[in-house]
Amino acid sequence: MLAALLYGAEDLRLEERDLPELAAGEVLLKVGAATTCGTDLKVWRRGGHAKMLKPPTLFGHEAAGQIWALGEGVTGWQLGDRVVANNSAPCFNCFFCQKQEYSLCANLSFNNGTFAEYLRVPAAIVRHNMLPVPPHLPDAVAAMTEPLACVLHGAARSNVQPGDRVVMLGDGAIGLMFVAALARLGAEVYLFGGSTARLQIGERLGAVQIFNHHKIADIPGLVKRFTDGWGADLVVEATGSPQVWELAIACARPGATVNLFGGCPRDSRISLNTEQLHYSELTLKGVFHSTPQYVRSALELLASRELPFELLISEQRPLCDLEQVFQDMKARRVVKVAMLP
Ligand SMILES: [Zn+2]
Ligand SMILES: [Zn+2]
């Protein structure tokens, strides 16, 4: 099979590989569509990821497709079933899983390799995080279950109330999905980003106002102007830059929640004004990844077609274009791309 391997920073190669052998409980998918993700771009640029993978490795983590082969003991599925397989599953057994804090599972093992003709799905994912795709839902849209699950998890942990004024920092796919998720919960979302085209998608997903940060010298000052001088009720950061984490905190009103969602480069540090944290009673939250509950609600939301998430897919491209697609993502010419093997 043709498969992409990541060897290091900006070193992605398409290679001919043997079909993966299946152990008991595993499933082999014929990939229908694999969507690119901001995390993939980060990992490609940095040459690795602390939790997800170490090169050389199969690459890509969002996919939907058809079951091509079943490992020993797999029940409840048939060859040809259309499914979406999340990129991880918790163990349901460790210290954190026993506390139902599944995104912190100590044994969360990540599956990579969606940029390929076939994808091996480990037994834990088959058991807990592989779901049937409804007939009318295209693979490319179903493949976005994983990032949307992370966003729904992030939104649920943001203490958002109907009518809250929310500052969303970042117009990547995750930031745009957050706009949709928070607007759906009744928040007024003010989206800040760097690309007019992406900001316009944000508007269609429910942002009440969009701002190009290149044109604004003082973002916290602007936020205060449209929040009666106080700052936002909730700020969500989805860029993964330490400076933007600090900016997010600066945009918050007293009593606000700041959801620091974008993972920064390893060993990053930010500085905090302790007086603001204390006297303004800020809640600073890191939120990571998703849980099986949100994987299910993400697929349901995509399948409902209530929101036009397909706008996030800029293009569909053949797998052989993968290198060029990453260059296009780096240049921010595309949001997500559906790779078709
Ligand atoms: Zn992703
Ligand atoms: Zn666990």
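Guide: Begin with secondary structure: helices (H or I, at least four residues) and strands (E, at least two) are DSSP runs, numbered from the N terminus. In this protein they come to 12 helices and 16 strands. The model is predicted, so local features need pLDDT of at least 70 and side-chain atom pairs count only at pLDDT 80 or more, while totals for chains, interfaces and linings use all residues. Residues are numbered from 1 along each chain as its sequence is written, and chains are lettered from A and ligands numbered from 1 in the order in which they are written.

Visitor: What share of the residues is buried?

Guide: A residue is buried if 20 or more other C-beta atoms lie within 10 Å of its own, exposed if 12 or fewer, and partly exposed in between, with C-beta atoms placed from the backbone. By that count, 48% of the 341 residues are buried.

Visitor: Which domains is the protein divided into?

Guide: Domain bounds come from an automatic or database domain assignment. Domain 1 covers 2-144 + 290-340, and domain 2 covers 158-286. Their C-alpha centres lie 28 Å apart. Two residues are in contact if their C-beta atoms, placed from the backbone, lie within 7 Å; the contact between the domains takes 12 residues from domain 1 and 13 residues from domain 2. On the domain 1 side, α1 gives the most, with 3 residues.

Visitor: What is the strand order in the open sheet of 6 strands?

Guide: Two strands pair if DSSP finds at least two bridges between them. The order is β11-β10-β9-β12-β13-β14, with parallel pairing. β11 (209-212) and β14 (283-286) stand at the edges with a single partner strand each, so one side of each is left without a neighbour in the sheet. For angles, axes are lines fitted to C-alpha atoms, for helices over the stretch in contact, and values run from 0 to 180 degrees between N-to-C directions. With direction ignored, neighbouring strands of this sheet are turned by 15° against each other on average. Helix α6 (residues 173-184) packs on the sheet, where it touches β9 (165-169), β10 (188-193) and β12 (232-237), and its direction makes about 170° with that of β10.

Visitor: How many bridges join β13 to β14?

Guide: Strand β13 (residues 252-260) is joined to β14 by 4 bridges, and the two run parallel. V258 stands opposite L284 in β14.

Visitor: Now the backbone. What should I look for?

Guide: Most residues other than glycine have a negative phi, and most peptide bonds are trans. N159, in the loop between α5 (145-156) and β9, has a positive phi of about 55° although it is not a glycine. H289 has a positive phi of about 60° and sits in the loop between β14 and α11 (292-304).

Visitor: Is N159 buried or partly exposed, and is H289 buried or exposed?

Guide: N159 is partly exposed, with 14 other C-beta atoms within 10 Å. H289 is buried, with 23.

Visitor: Which peptide bond is cis?

Guide: The bond from P55 to P56 is cis, with omega near -5°. P56 is in the loop between α1 (38-46) and β4 (57-58).
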